[in-house]
Amino acid sequence: MGCSNFLTGFLNFVTFVLSLPIIGVGIWLAKQHNTVCIRFLQWPVIIIGVFILLVSFAGMVGAWCRVSCLLWVYLFVMLLLILLLFVFTIFAFAVTNAGAGHALSGKGYKEYHLGDYSTWLQRKVDNPSYRDKIKSCLSDAKVCNNLDNEYPTLTKFNAASLSPIESGCCKPPSSCNFIFVNATIWQGTPPPSAEDPDCVVWSNANLCYNCNSCKAGILQNIKQDWRKVAIVNIIVLVFLIIAYSVGCCAFRNNRWEGGSG
């Protein structure tokens with residue numbers, strides 16, 4: 001067995017083994033959780049795991065058993081995967097380039113404005129189907145429930161380092177000038193001239209889940225996560241390009257040996 005065939009088979013054996021816990025996580029999500037937020041995640045996880053398993057199996061068998069047709073399929077799919085991953089990485093950096101928190105005088109947290117983010121992300125978060133899923137996820141995660149205990153006084157609350165979602169969804173914007181009762185209960189009536197429409201949307205019962213600031217906080221969270229994913233994608237791209245190059249050598253060896261035989 002040639003060196004390139006062995007390396008191709010070994011690399012795909014590693015990814016084949018890694019795909020099994022990915023599928024297991026997806027099945028566990030499907031069986032253990034019934035919330036909309038978790039159901040939204042389970043199928044993509046399972047599909048990705050099965051896809052990696054099948055592609056890895058094709059590459060492993062094609063390289064170690066010298067099945068050229070399987071190796072050709074593996075290389076074709078790998079090329080598509082490399083191109084898609086490259087495009088997605090560029091896209092992720094592009095759509096998450098805009099948007100950042102606004103520092104407030106005397107506050108430990110920042111506030112987030114929906115208009116600061118890319119138009120594409122704004123359209124996504126404004127889509128009714130996405131909006132309902134997001135509200136369900138926020139409700140299931142109970143992101144605001146512990147703030148009252150953690151920050152019982154206004155001094156502690158002002159010094160708090162709130163997450164983007166906590167800042168955007170659990171409290172009214174500072175421009176509303178509401179009076180602090182506790183972290184999730186505020187008193188006051190917005191003046192008719194209030195520039196921020198979130199001041200009218202805020203309620204002590206539903207908090208700011210329907211506010212633009214909440215959407216902005218979610219987008220900031222998405223931006224941070226997508227940036228992490230994009231960096232991981234670059235590492236994965238390097239691995240895939242190396243595996244693809246070795247696979248091409250293995251495919252060429254298989255054809256050469258088949259032709260010479």
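## Disulfides, a pocket and aromatic pairs in a predicted model

The count of disulfides in this structure comes to 4.

### Disulfide bonds

A disulfide is a covalent bond between the sulfur atoms of two cysteines. The sulfur atoms of C144 and C170 lie 1.9 Å apart, and the two residues form a disulfide. The torsion about their S-S bond is about -80 degrees, so this disulfide is left-handed. C144 is placed in the loop between helix 5 (128-141) and helix 6 (147-150), while C170 is placed in the loop between helix 8 (164-169) and strand 3 (179-182); the pair therefore ties together parts that are 26 residues apart in sequence. Both C144 and C170 are buried.

A further disulfide is formed by C176 and C199, whose sulfur atoms are 2.0 Å apart. C176 lies in the loop between helix 8 and strand 3, and C199 lies in helix 9 (residues 198-201), so this pair ties together parts that are 23 residues apart in sequence. The link of C176 and C199 is left-handed, with -95 degrees about the S-S bond. C176 has a relative accessible area of 4% and is buried. C199 also counts as buried, at 3% relative accessibility.

C208 and C211 are joined by a disulfide as well, with an S to S distance of 1.8 Å. The link of C208 and C211 is left-handed, with -85 degrees about the S-S bond. C208 is buried, with a relative accessible area of 0%, and C211 is likewise buried, with a relative accessible area of 0%.

The table sets out the distances and torsions of these pairs.

| Pair | S to S distance | Torsion about the S-S bond |
|---|---|---|
| C144 and C170 | 1.9 Å | about -80 degrees |
| C176 and C199 | 2.0 Å | -95 degrees |
| C208 and C211 | 1.8 Å | -85 degrees |

For a disulfide, the sulfur atoms must lie within 2.5 Å. The closest cysteine sulfur to that of C249 is in turn the one in C248, at 7.0 Å, again too far for a bond. C248 is partly exposed, with a relative accessible area of 26%, and C249 counts as partly exposed at 29% relative accessibility.

### The second largest pocket

Rolling a probe the size of a water molecule over the atoms shows where empty space is left. The second largest pocket holds about 610 Å³ of space. Its lining consists of 23 residues, and those nearest its centre are I48, I52, L81, V236 and L240. Helix 1 (3-32), helix 2 (36-64), helix 3 (68-95) and helix 10 (212-260) are the elements that give two or more residues to this lining. The most is given by helix 10, with 8 residues. By class, the lining of the second largest pocket has 18 nonpolar residues, 5 polar residues and no charged residues.

### Annotated regions

An unreviewed UniProt entry lists residues 6-29, 41-64, 70-95 and 229-247 under "transmembrane region". In the model, the span of residues 70-95 is 100% helix and 0% strand, and its end C-alpha atoms lie 37 Å apart. Residues 229-247 are also 100% helix and 0% strand, with their end C-alpha atoms 26 Å apart.

### Aromatic pairs

A pair of aromatic rings is described by the distance of the centres and the angle of the planes. The structure holds 10 aromatic pairs. One of them is the stacked pair of F6 and F10, at 6.3 Å centre to centre and with 15 degrees between the planes. F6 and F10 both belong to helix 1, where they are 4 residues apart, about one turn of the helix. F6 is partly exposed, with a relative accessible area of 44%, and F10 counts as partly exposed at 41% relative accessibility.

Elsewhere, Y109, Y151, F157, F180 and W186 are linked by ring pairs into a cluster.

Note on methods:
Residues are numbered from 1 along each chain as its sequence is written. This is a predicted model: local features need pLDDT of at least 70, side-chain atom pairs count only at pLDDT 80 or more; totals for chains, interfaces and linings use all residues. Side-chain values use heavy atoms; hydrogens and water are left out. Buried means under 20% relative accessible area, exposed over 50%, partly exposed in between (1.4 Å probe, protein chains only). On a 1 Å grid over the protein atoms alone, a cavity is a set of points where a 1.4 Å probe fits but cannot get out, and a pocket is an open set with protein on both sides within 12 Å along at least five of seven lines; lining residues have an atom within 4 Å of a point. Grid points are joined across faces, edges and corners, and a volume is the space filled by probe spheres set on the points. Ala, Val, Leu, Ile, Met, Phe, Trp, Tyr, Cys and Pro count as nonpolar, Asp, Glu, Lys and Arg as charged, and the others, Gly among them, as polar. UniProt positions are given in the numbering used here, feature names are shortened, and annotations may be inferred rather than shown by experiment. Rings of Phe, Tyr and Trp (its six-membered ring) pair if their centres lie within 6.5 Å; planes under 30 degrees apart count as stacked, over 60 as edge-to-face and the rest as tilted.
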